[in-house]
Amino acid sequence: MTTTALARKPVRWGRLALHLGCLAALLVMLYPLAWLLATSLKPADEVIASLDLLPRHLEWSNYSTALDGVNDVSIWRLLANSLLIAGGAVLGNVISCSLAAYAFARLRFRFRGPLFAFMIATIMLPHHAVLIPQYIIFNQLGLVNTYWPLILPKFLATEAFFVFLVVQFMRGLPRELEEAARIDGCGPFRSFFLVVLPLTRPALITTAIFTFIWTWNDFFTQLIYLFDPEKFTLTLALRSFVDASSTSAFGPMFAMSVIALLPIVLFFLAFQRFLVEGMASSGLKG
């Protein structure tokens, strides 16, 4: 018994060290969020002068100022604009990437291999390299200062990462299901919509989560295409909030940052249980 107890001690200490290490890493990752929440309740002078995490005086007026919006545009209008762009991007990526992935994973056509390799190679292409050509095209079409440049490319399967993610998931699905559907008279489109698409839900939800987060936090692309304050998103409003004031209104800016984080947190919590399964891309499990 003594030998067994001594043999188990290193295991218990190892688990304790592992848990303490994970807890320390969690605190490090959560500190920026805690700092943001605390700073949103600080007066403007305390934001600059004090390095303390907790505010000495709670300035609740920061949130009331943030809720008033910027440039005579209410925060509800800014929130609606952000939701419109993010929702359109999610819908476009889910539809187009699933169709493109089905073609690469299941259909046989000429140059499928080279086209798939070319698509994968575009992942390494910087976003800024295609931004100028895209801007010229949308400017010639008269779509600048509209939401179309931010939504329309998502319906053309331009996100190679998500196409690759869904392709890997579909390749793990048993072909017998589609063969049975084909025997029952289903063509490629019916097999896709009735058989493959429902089974690909984890990968599609993963695509939706990352698309929503990346689009919601996108600042540079929205800054390039949107000029009218009425069409601004919450991300653009954060910059405009500081520019619109002659003083350094850091408190209201951080308060608006907290408000801008809420939809992302709620969206993630609603679909987090599908995230790990979708990223694993392992298909069906017996």
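Visitor: How much space lies in the largest pocket?
Guide: A pocket here is an open set of points on a 1 Å grid over the protein atoms alone, with protein on both sides within 12 Å along at least five of seven lines. Points are joined across faces, edges and corners, and the volume is the space filled by probe spheres set on them. For the largest pocket that gives about 850 Å³.

Visitor: Which lining residues are the closest to the centre of that pocket?
Guide: Bear in mind that this is a predicted model: local features need pLDDT of at least 70, side-chain atom pairs count only at pLDDT 80 or more, and totals for chains, interfaces and linings use all residues. Numbering runs from 1 along each chain as its sequence is written, and side-chain values use heavy atoms, with hydrogens and water left out. The largest pocket is lined by 30 residues, lining meaning an atom within 4 Å of a point. Closest to the centre are His127, Gln134, Lys154, Thr158 and Glu159.

Visitor: Which element provides the largest share of the lining of the largest pocket?
Guide: Elements are DSSP runs numbered from the N terminus (helices are H or I, at least four residues; strands are E, at least two). Those giving two or more residues to this lining are α4, α6 (127–140), α7 (148–151), α8, α11 and α12 (220–225). The largest share, six residues, comes from α6.

Visitor: What does Trp148 touch, leaving out residues up to four places away in sequence?
Guide: Trp148 sits in helix α7, and its C-alpha atom is 9.4 Å from that of Tyr225, 77 residues apart along the chain. Going by contact (heavy atoms within 4.5 Å), Trp148 touches Leu143 and Pro153.

Visitor: Where is Ala157, with its positive phi?
Guide: Asn145 is worth a look too: its phi is positive at about 70 degrees although it is not a glycine, and it is found in the loop between α6 and α7. Ala157, also not a glycine, has phi near 55 degrees. Its place is the loop between α7 and α8.

Visitor: How do α4 and α8 cross, right-handed or left-handed?
Guide: The axes of α4 (residues 75–106) and α8 (residues 160–171) come within 8 Å and cross at roughly 50 degrees, axes being lines fitted to C-alpha atoms over the stretch in contact, with angles from 0 to 180 degrees between N-to-C directions. That makes α4 oblique to α8, since under 35 degrees is roughly parallel, over 145 roughly antiparallel, 65 to 115 roughly perpendicular and the rest oblique. Handedness asks whether the near helix is turned from the far one by less than a right angle anticlockwise (left-handed) or clockwise (right-handed). This crossing is right-handed.

Visitor: Is α10 roughly parallel or roughly perpendicular to α11?
Guide: Helix α10 (residues 188–199) packs on α11 at about 65 degrees, the axes 5 Å apart. Leu197, Pro198 and Leu199 of α10 meet Arg201, Pro202 and Leu204 of α11. At that angle, α10 is to α11 roughly perpendicular.

Visitor: Which element gives the most to the lining of the largest cavity?
Guide: A cavity is a set of points where a 1.4 Å probe fits but cannot get out, and the count is one cavity of 30 Å³ or more. Ser82, Ile85, Ala86, Thr215, Trp216, Gln222 and Thr233 line the largest cavity. Two or more of the lining residues come from each of α4 and α11 (201–217). The most, three residues, come from α4.
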